[in-house]
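Here is a short report on one chain, for reading beside the sequence and the model.

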Amino acid sequence: MKTTALVGFGDADSFYASAETVRRPFLVGLPVGVLGNQGACVIARNYPMKKYGVKVGEPIWEAKQKCPQGVYIKRDFRWYETLSRKMLAEVGRYSHRVEYYSIDEFFWEGSANRGQSYEQTAVDVRDHVKRATGLPMTVAFARTRTLAKLAADMAKPFGAVALTCPDQETDLLRRTPVTEIAGIAKRSAAKLEPHGIKTCLDLRQASGLLVRRLLTVVGHDIWRELNGVRAVPIRPSRSPHKMLARGGSLAGRVRDAHTLYGWLVRNIERLIEELQFHEVRASTLTVAVSYFDAESAAGVAHLSVPSDRFDILLDAAKRGLRTAWRQGKTATHMHLIASGLRRGPWQQSLFEPPDPKLDAVARVKRAVNERYGRWKLRSGATLYANDWYDDPANEHEVCDIRGKFCF
Ligand SMILES: [Mg+2]
């Protein structure tokens with residue numbers, strides 16, 4: 001097998017928990033659990049805590065029963081993003097073409113270090129990232145990204161591997177169930193099973209036509225990748241967004257309209273940051289709300305002119321929320337989705353002429369927050385969700401991290 005150009009893949013081990021250990025070295029060797037925004041659920045844990053059977057998504061009170069001596073820390077996405085960018089920079093020393101796939105996963109066009117094999121290079125990358133950032137990472141090289149990711153998953157934690165001969169690939173695929181492949185969930189696996197396809201090797205050896213019929217073109221791409229064909233290229237930069245969204249958990253159960261309105265405004269302010277960062281304006285705004293005791297609901301509002309201005313988006317969001325709001329029901333999550341994204345110049349609407357005063361206010365707000373920190377200047381409506389702003393750990397939420405392909 002030719003090994004002149006392989007795909008590199010790096011994935012930090014227990015990233016959130018490892019990131020906490022980087023800034024609190026006394027945690028080394030201790031069981032560490034990272035808690036979600038309410039401090040109620042474990043969203044990540046390190047290997048010492050895994051040994052106690054603590055699972056992701058488990059409530060803190062159950063985790064504490066299993067692992068009373070564990071150290072439980074509230075998540076801090078701003079810190080995780082800082083380390084994520086540091087890892088990206090260090091991986092960038094090995095390749096000019098690096099894809100920021102998720103907050104702790106990177107693909108790159110790989111080549112072996114001069115005078116070294118791919119195995120040695122994988123060890124070198126892993127050890128270099130550990131020295132430079134303090135983070136343990138598993139590194140793998142293979143012919144395609146799907147193979148590299150599978151190899152890394154099987155080599156965790158702190159592994160360094162390279163699939164450079166056909167026997168290594170075959171051996172890995174034989175002992176790996178198809179559900180280990182990102183993109184093949186239980187439902188897809190259930191479609192494959194009647195055809196005797198259970199392992200990744202079964203899938204690789206199946207007919208491409210059959211796989212395409214069962215799993216559409218996405219599954220067919222995975223099949224090609226398992227066969228060593230690069231169906232999904234490395235993408236150092238992503239294509240322009242078709243939509244931008246901000247939102248997430250409401251940090252508990254929200255029943256009153258004022259608090260929900262506070263969250264609506266917070267999410268608009270986050271969305272405006274994103275629209276301005278990408279230099280686009282929204283033509284359509286969708287407000288989606290999930291409820292604890294009712295079906296999720298969404299309201300769509302069309303803007304008469306594409307906009308990134310607070311008052312115009314707020315007006316549209318209110319219309320969207322009116323449709324999505326279920327009075328008397330308990331809301332748990334909210335998302336704002338901006339679509340129909342436009343870059344200027346565009347026709348100004350007669351109904352929404354430029355407003356120099358509001359434009360000036362927006363400029364001041366942006367300048368203050370860029371200079372003195374996020375949320376230093378924010379709408380008074382967000383006072384209804386004030387508890388959230390009191391905790392600096394909430395300054396960044398997970399989807400505020402830019403540039404990744406998925407999360
Ligand atoms: Mg990871």
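Which residue in β11 stands opposite Leu 285? Ala 301 does.

This is a predicted model, in which local features need pLDDT of at least 70, side-chain atom pairs count only at pLDDT 80 or more, and totals for chains, interfaces and linings use all residues. Residues are numbered from 1 along each chain as its sequence is written.

Strand β10 covers residues 282–291 and runs antiparallel to β11, with seven bridges joining them. Strands (E, at least two residues) and helices (H or I, at least four) are DSSP runs, numbered from the N terminus. Two strands pair if DSSP finds at least two bridges between them.

Both strands belong to an open sheet of four strands, ordered β9-β12-β10-β11, with antiparallel pairing. At the edges are β9 (243–254) and β11 (297–307), each pairing on one side only. Neighbouring strands here are turned by 15 degrees against each other on average, direction ignored.

Axes are lines fitted to C-alpha atoms, for helices over the stretch in contact, and angles run from 0 to 180 degrees between N-to-C directions.

| Helix | Residues | Strands touched | Angle |
|---|---|---|---|
| α12 | 310–324 | β10, β11 and β12 | about 160 degrees to β11 |

Strand β1 (residues 6–12) has seven of its seven residues buried. Buried means 20 or more other C-beta atoms within 10 Å of the residue's own, with C-beta atoms placed from the backbone. In a regular strand the side chains alternate between the two faces of the sheet. In β1, Leu 6, Gly 8, Gly 10 and Ala 12 are buried on one side, and Val 7, Phe 9 and Asp 11 on the other.

Six bridges join β1 to β6 (residues 105–110), antiparallel. Six bridges also join β1 to β7 (residues 137–142), again antiparallel. Gly 10 stands opposite Phe 106 in β6 and opposite Val 139 in β7.

**Two domains**

An automatic or database domain assignment sets the bounds. It gives domain 1 (8–143) and domain 2 (243–400). Their centres, taken over C-alpha atoms, are 31 Å apart. Eight residues from domain 1 and ten residues from domain 2 make the contact. On the domain 1 side, helix α4 (residues 77–91) gives the largest share, three residues.

Terms used
Contact = placed C-beta atoms within 7 Å. Buried ≥ 20, exposed ≤ 12 C-beta atoms within 10 Å, placed from the backbone.
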